[in-house]
Amino acid sequence: MASVHPAPRPASLEDILDGLAAIARANGIEAYLVGGFVRDRLLGLDAKDLDVLIVGGGPDGQSLLLSALSARFGWSRPQLFERFGTGQVRGDGWVVEAVLARGESYDPSSRRPSVRPGTLDEDLWRRDFTVNTLAQTLEGAVIDRTGRGLDDLAAGVLRTPLDPLTTFAEDPLRIYRAARFTAQLGFTLAPGMLEAMREGASRTAILSIERVRGELQRLLVGAHPHAGLSVLDGAGLLERILPEIVAMHGVEQSGYHCYDVYEHTLRAVEAAPPDLVTRLAALLHDVGKPPCHALDERGRHTFHDHPVVGAAMAETILERLRFSNDETRDVATLVRLHLRPISYDPGATGDAAVRRLIRAAGPLRGRLIDLARADTAASSYPTMAELDELQARMERLDSDGAVSALRSPLDGDELQRRAGRGPGRWIREAQQLLIDAVLDARLDATDPEAAWRLLEAERPDLTRPA
């Protein structure tokens with residue numbers, strides 16, 4: 001009988017660090033741990049991406065280190081990106097990236113620097129914030145070349161290692177990164193930072209929209225998105241990328257609302273689960289309110305049709321920021337539907353209306369309820385009980401997909417045969433009418449003859465040849 005050997009144990013962080021240290025010693029490679037890995041490790045956060053800085057040795061030392069690490073653990077072959085001076089190897093859920101120490105000088109018309117080989121100090125001082133200049137030897141000793149990194153990390157402060165005007169002028173993406181780190185880590189800005197960010201805001205015009213969108217995405221799913229968005233606003237960046245959000249400032253609300261539309265929106269984003277689509281929907285759910293704002297005869301603030309107007313605006317905004325088609329579609333759907341769960345009345349809303357909401361939300365049902373909870377939490381509404389009841393009722397009515405998986409009693413082929421006409425938009429109209437009749441309990445979904453009779457009675461124009 002053949003012996004069975006257990007699968008090799010996945011490499012741990014300690015294994016990787018021991019391996020890097022042994023390889024570097026054996027080959028005379030000067031290497032350090034740097035960047036976000038060191039910062040997060042010192043904060044006690046989990047980190048699966050290791051950044052290794054190689055001083056001297058050039059691409060040969062970089063390739064040797066990564067190849068030896070790959071062989072040691074049986075990982076994938078290293079990838080080298082000579083143009084950027086980086087390389088990486090992946091395995092066991094880890095990513096180890098090796099970069100060559102460098103010095104930089106910037107052209108004012110671009111964020112792409114002129115790069116040359118550099119020393120450890122040059123590489124660390126060129127970084128964006130003091131908490132990101134911290135390094136460690138492969139044996140774990142901390143290196144704080146600026147003398148402020150450890151103190152700022154302990155205090156939760158973002159500070160640039162050089163004058164902030166210089167740091168932000170060299171690479172204006174750092175202004176967005178400051179807002180993103182505020183959202184992710186809960187850090188505050190050092191004195192003078194916000195003013196420098198505001199002064200450098202115009203230079204962000206050189207950034208690609210994809211880079212900006214990437215920072216916004218990371219900010220939104222951070223633990224403190226309210227703080228991050230506030231930094232973007234204070235730095236003058238929000239008006240550049242999302243002027244529709246800035247337009248919410250000072251737009252008052254009535255009823256259970258205790259904040260203006262802007263503050264309510266940021267609180268709703270904070271209250272939403274850290275899912276990108278849900279948080280985008282929270283950010284844009286009331287974007288239609290400023291253009292729909294009016295006062296009624298009693299002086300109350302009204303926003304008629306703002307979900308429909310907001311859904312159209314959300315599509316325009318997300319297309320402008322080049323979000324994916326799926327993200328754009330889903331967020332617009334959530335914005336359009338966001339009031340329906342909130343307006344639910346357990347005593348007055350019938351099963352048919354709940355079934356229609358199930359159909360309208362489709363696979364976004366969970367996110368729609370999450371959005372409604374966030375919207376409610378960002379107001380002074382006294383309870384979530386109605387939303388709890390609605391969620392339970394939706395689950396009960398849609399048991400085994402009774403509503404969400406519902407299909408028309410007559411498919412497209414059968415409708416064409418009975419009506420004697422070819423394919424077209426009329427089929428969708430006919431099927432929607434029949435599905436609505438089933439949802440209203442006026443039609444049995446398994447009775448095609450009754451479905452045809454109902455169609456003849458209510459839409460005879462769809463039952464005859466065109």
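1. Strand 2 (residues 49-55) runs parallel to strand 5 in this predicted model, and 6 bridges join the pair. Ile-54 sits opposite Leu-100 of strand 5, which is a handy place to start looking at this pairing.

2. On to the other pairing: strand 4 (residues 86-91) is antiparallel to strand 5, again over 6 bridges. Thr-86 has Val-99 of strand 5 as its bridge partner. Strands 4 and 5 make a hairpin with 2 residues between them, and Asp-92 in that turn has a positive phi of about 55°.

3. How much of strand 5 is buried? Of its 7 residues (94-100), 6 are buried, so the rest of the structure largely encloses this strand.

4. Now the nonpolar cores. The largest has 124 residues, and those touching the most other members are Leu-50, Val-96, Leu-220, Leu-229, Leu-232, Leu-242 and Leu-284. Helix 23 (residues 425-439) supplies the largest share, with 9 residues. There is also a second, separate core of 10 residues, with Val-34, Val-55, Ala-101 and Leu-124 among them. As background, nonpolar side chains tend to be buried together in soluble globular proteins.

5. Leaving aside residues up to four places away in sequence, Leu-232 touches Tyr-176, Ala-179, Leu-216, Leu-219, Leu-237, Leu-238 and Ile-241.

6. Ala-402 belongs to the loop between helix 21 and helix 22 (412-419). Buried or partly exposed? Ala-402 counts as partly exposed because its relative accessible area is 48%. Its C-alpha is 9.5 Å from that of Arg-355, which lies 47 residues away along the chain.

7. Last, the cysteines. The model has 0 disulfides. Cys-258 is partly exposed because its relative accessibility is 45%, whereas Cys-292, at 15%, is buried.

Key. Residues numbered from 1 in each chain as written. Predicted model: local features only at pLDDT ≥ 70, side-chain atom pairs only at ≥ 80, totals over all residues. Heavy atoms only, no water. Core = buried A, V, L, I, M, F, W, Y, C linked by side-chain atoms within 4.5 Å. Buried < 20%, exposed > 50% of the residue type's maximum accessible area, 1.4 Å probe, protein only. Helix = DSSP H or I, 4+ residues; strand = E, 2+ residues; numbered from the N terminus. Contact = heavy atoms within 4.5 Å. Disulfide = S-S within 2.5 Å. Pairing = 2+ DSSP bridges.
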